[in-house]
Amino acid sequence: MNSLRRFSAALMVAAGLLSAAAARADSLPAPQGDVILTVSGAITNTNDDGTARFDMALLDSLPQHSFATSTIWTEGVDTYEGVLLTDLLDALGATGPNLLAKALNDYEISFPVADATAEGPLLAYRANGKPMSVREKGPIWMIFPYDDVEAFRTEQTYARSIWQLDRIVITE
Amino acid sequence: MPSAPRSRPRYLRNVLVGCMAMAVGVLAVLSAEVRREMRLFQEEPVDSIHWNLTQLELDLVLLLSAAELALQQDNPPLDELRKRFDLFYSRTDLVRSGAMFERLDLEAAIRPLSVRLDGFLQRATPLIDGSDASLRAALPALVEDVQALRMDLRSLSIRTVEQYATQADQRRAQLARLLRQVAATSAALLMLLVALLGSVLYLNRQAERKTAEALRVSSRLQATVATALDGVIVAGLDGRVLDFNQAAERIFGFTRDEAIGQGLDRLIIPARHVAAHEAGMARMRETGKKKVVDGGRIQITALRKSGEEFPVEMSITSNSGPDGMIFIAFMRDISEPVANERALMAARDKALAAEQAKTNFLAVMSHEMRTPLNGVIAAIEIVGRKAVDPSQAKFVRLAQSSAKQLLRHVNDVLDISKVEAGHLALSDSPFELAPMLASLADVLRPVAAKKATKIELDIGPDLPLVRGDSFRLGQIVQNLLSNAVKFTDGGKVVLKAVLHPQGARTALLDLSVTDSGIGIAPEDLERVFEDFVMLDPSYGRADAGTGLGLAISRRLAEAMGGQIGAESEPGKGSRFWLRLPMPTVERAAPAPAPAEFVRTTAKDGTDDPVLDLLVVEDNATNRLVMEEMLRLLGHRSTLAVDGREGVKKARVHRYDAILMDISMPVMDGITATGLIRAEGLSKDSRIIAVTAHTMPEELERFRGAGMDDCLTKPMTIRDLARTLSAVSVPPPPLPPASPQPADAVLDALRIEELRQALGADGIRRTVAQFLRDTTAAMDRLRSAASSPAEARALCHELAGAAAMVGASHLHRHFAGLETQLRNGDADAVAAAQADSDRLWADASAALGALTEA
């Protein structure tokens, strides 16, 4: 079901990219608003000179995913919405085995692409239906369903839970 | 059912298992705690405190540098400052929300920092969010504020980290302690396991040893049971055989395989005892009460495979086995011992019978030998009375003396036999010693006088009255005296008697007979008391005894608890002595005269009245002799051959006296006397027993039966005359006031005969049969009136039957009718019908009463 949905979503993105490719070399639509995420490195689909730049609308066009969870940094349970990392990588045709995620404050963390699964992480940019400001760990928080999956309640996962994410580099 | 001292290892094992359970429990609790602690470590619900505080400080430094950079420029861009503020702001959220610190119990520690940050943000945020101009204007103040915050943040962070470190140390220590506890508990558990293993091994070894022991015992027991001489059968509560040993196979004939699993009731219990056996088993199952079981040895009948029943001696024990109660029966075939015992008892019975036969023979001899002798002696006396010529008289005297001699011999032999057979009955009655001894001396004085020998008495004047058998004592003294007289010529015989008191009621009679005769050689002194000893066979042959006199005396003396002995000096004389313990008696009344030995001379019977006598005697010779004697004495006699005839005669005639023999065929004298005394014309007549039985107890019996006197055979005319002199002639008999005894409805004599022959039950049966038969015959007789022949046959039958049961009236009636019928009187039956009915009613009533009695 999930894979089917992802498959159809990929088809859709691919169709959009193909039609754009007819006019330009870049296969992704160009962002119209503020760019909140830039993906570079070993990706197939780009929209600006080998990189993929996303504004809120572009991210919204990708398959949406959400879950509710508590975190060790916040109080209470909140619902987080956004795009699963794996969906994003699929949409970009990422080919590298690793990725490097960077935050506004230049915090970075690297981990294998294979660790991005249907369970997480989620590139959340809405909390309880509202966009997240920088003060609230926005614009994007790579977050895991800690409550639902015990395996995510580890220090490594906490280290990967990068907030104020704005760049991803797919590395060879 | 643990018995504590015996199963110490088991007890120990239980303790070990308990300890282990406790250890496992403790371990489980500790493990849970460790797991929880470990989970705390593993799933760290907090991000690194150091990292976050350092980042907070870093973000603050970056904010400060952004603010300082902006301060140094004119009209500076504010984007970087705002970004740095936002980043710092987001970072403070961690401290201000306090969620993470709360989880780490650092809420209190972080509080000052949180408050400090709140204060800063409240001042700075409006500036940052305000217009560029106002922000630019506020930049110096902001830089100062941030610098101050930085100093505070540093110290506050360090303090929080210190606190955290302390807590972390505590938690590590806690975990370490927990792990140590787990380790200790595990070690204890391990040790317990080792101990348990040890105890299990020990128990196993012990169990092996016990198993081996049990096997050894069991095989030994098996061998014991298998080779036991007694049959051993083990059965369950359901009566089924569980074990059957070789001896049981041998005894009962079943193989072990055949027997096992079978019920005892089918196997070895005779069919007729099965019900009792099952009842016993059921009772025991229900009540638990045992009767045969554990009840010791019993003797029962068992069954072999062949169906043969045989006696076994058995004992059953019970035991509670693993499969419930079991019974172990030990059985011994005792058919052989039982057979032996039976044979032994049969042999004993035979011996007893032989002894009885000997006794009977003695009794018969006593009668059969003395009775004819009696006849011989009496006959000779009668012959001697008649005038015979002198030469014949000599032979008569010879015959007389020989017959008397013979009688003495017979008496001697019978005495000896009696004593030997233990049949000597000693009487025990009081008597005067002095007169008795005097009379004995008197009897022998004439004989002594013929030999010019004097008999002297040396008897104390005041001898007390004594108890004992005067007859037997007299017999001894007479023997001693006659011996003394026999062997003394022209001398002196002294009879001396002294009573030495021995106590209040006893005395020792010291009696001696001393003569001045020829004496006895010392070597012969002891022999004189032996049987058939005659020291001088040639001496006095004509008058000689059997040689039994002293032998009898010795036996009698010993039988009376006394001693007898002799001293002698050949040529000078002998002294025979008798020592006898004798009870003494208070002299309350004059002692009875010693009738047996003071023989009075009968008066001549010429003046005596003529008596009408009945002689009841079975022996023809004796009858003849008595009849002749009585004729000589001038009396009238009627003869009867046995008791029954005597009773018949006595009933219809009144005799002055009846001389009644005791031992007779058909009916003895005692029974006959009883019947005569019961009814009849002679019921008050004097009845004199004539008998060879001379024992005192016999005389008592005769008196008890109703006899008045006793004559001992052989009798002399003098004895007879004396005895009869006591008979007085009664007044002439009165006419009978009651119906003639012969006219009685029932013949008592006949009834008595039936009673003796058939017993009480037999009579009852016979009478019942008679009543049934006669009722039927009477009916037939009524209807047979037209046929005289048939009527006559019926009358004959009725008369016979009536006679048989002693219905005398009825008998005479029908006998009369039969005669009338025979004489042609065809109507006799019809004419006598009323009489027939009446007599029949009387007879049946009397017979009925008789059988009910």
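Is A:Asp115 buried, partly exposed or exposed, and what is its relative accessibility? A:Asp115 counts as partly exposed, at 32% relative accessibility. This is a predicted model.

**Chain B overall**

- Chain B has 26 helices and 17 strands.
- Of its 853 residues, 40% are buried.
- Take the contacts in chain B between residues at least 6 apart in sequence: 68% of them join residues at least 24 apart.

**Where chain B meets chain A**

- In this interface, 28 residues of chain B are in contact with 18 residues of chain A.
- About 1,900 Å² is buried between the two chains, with 46% coming from carbon and sulfur atoms.
- Three salt bridges are counted between chain B and chain A.
- One salt bridge pairs A:Lys137 with B:Asp93, whose closest N and O atoms are 3.8 Å apart.
- On chain B, the helices α2 (49–72), α3 (79–97), α4 (99–103) and α5 (107–129) each supply at least two residues of the side that touches chain A.
- α3(B) gives the most to that side, with 11 residues.
- By class, that side of chain B has 10 nonpolar, six polar and 12 charged residues.

**Salt bridges: a pair in chain A**

- Over all chains, the count comes to 43 salt bridges.
- A:Asp115 and A:Arg160 form a salt bridge, at 2.7 Å from N to O.
- A:Asp115 lies in the loop between β6 (108–112) and β7 (122–127) of chain A, and A:Arg160 in helix α4 (residues 155–160), so the pair ties together parts 45 residues apart in sequence.
- A:Arg160 is buried, with a relative accessible area of 12%.

**Salt bridges: two pairs in chain B**

- B:Asp152 and B:Arg116 form a salt bridge, their closest N and O atoms being 2.4 Å apart.
- This pair links helix α6 (residues 132–227), which holds B:Asp152, to helix α5, which holds B:Arg116; the two residues are 36 residues apart.
- B:Asp152 is partly exposed at 30% relative accessible area, whereas B:Arg116 is buried at 19%.
- B:Asp243 and B:Arg256 also meet in a salt bridge, at 2.7 Å from N to O.
- Here strand β2 (residues 241–244) of chain B contains B:Asp243, and helix α8 (residues 256–259) contains B:Arg256, 13 residues apart.
- B:Asp243 counts as buried at 18% relative accessibility, while B:Arg256 is partly exposed at 32%.

Definitions and conventions
Residues numbered from 1 in each chain as written. Chains lettered and ligands numbered in written order. Predicted model: local features only at pLDDT ≥ 70, side-chain atom pairs only at ≥ 80, totals over all residues. Heavy atoms only, no water. Contact = heavy atoms within 4.5 Å. Buried area = accessible area lost by both parts, 1.4 Å probe. Salt bridge = Lys/Arg side-chain N within 4 Å of Asp/Glu carboxyl O. Helix = DSSP H or I, 4+ residues; strand = E, 2+ residues; numbered from the N terminus. Nonpolar A, V, L, I, M, F, W, Y, C, P; charged D, E, K, R; others polar. Buried < 20%, exposed > 50% of the residue type's maximum accessible area, 1.4 Å probe, protein only.
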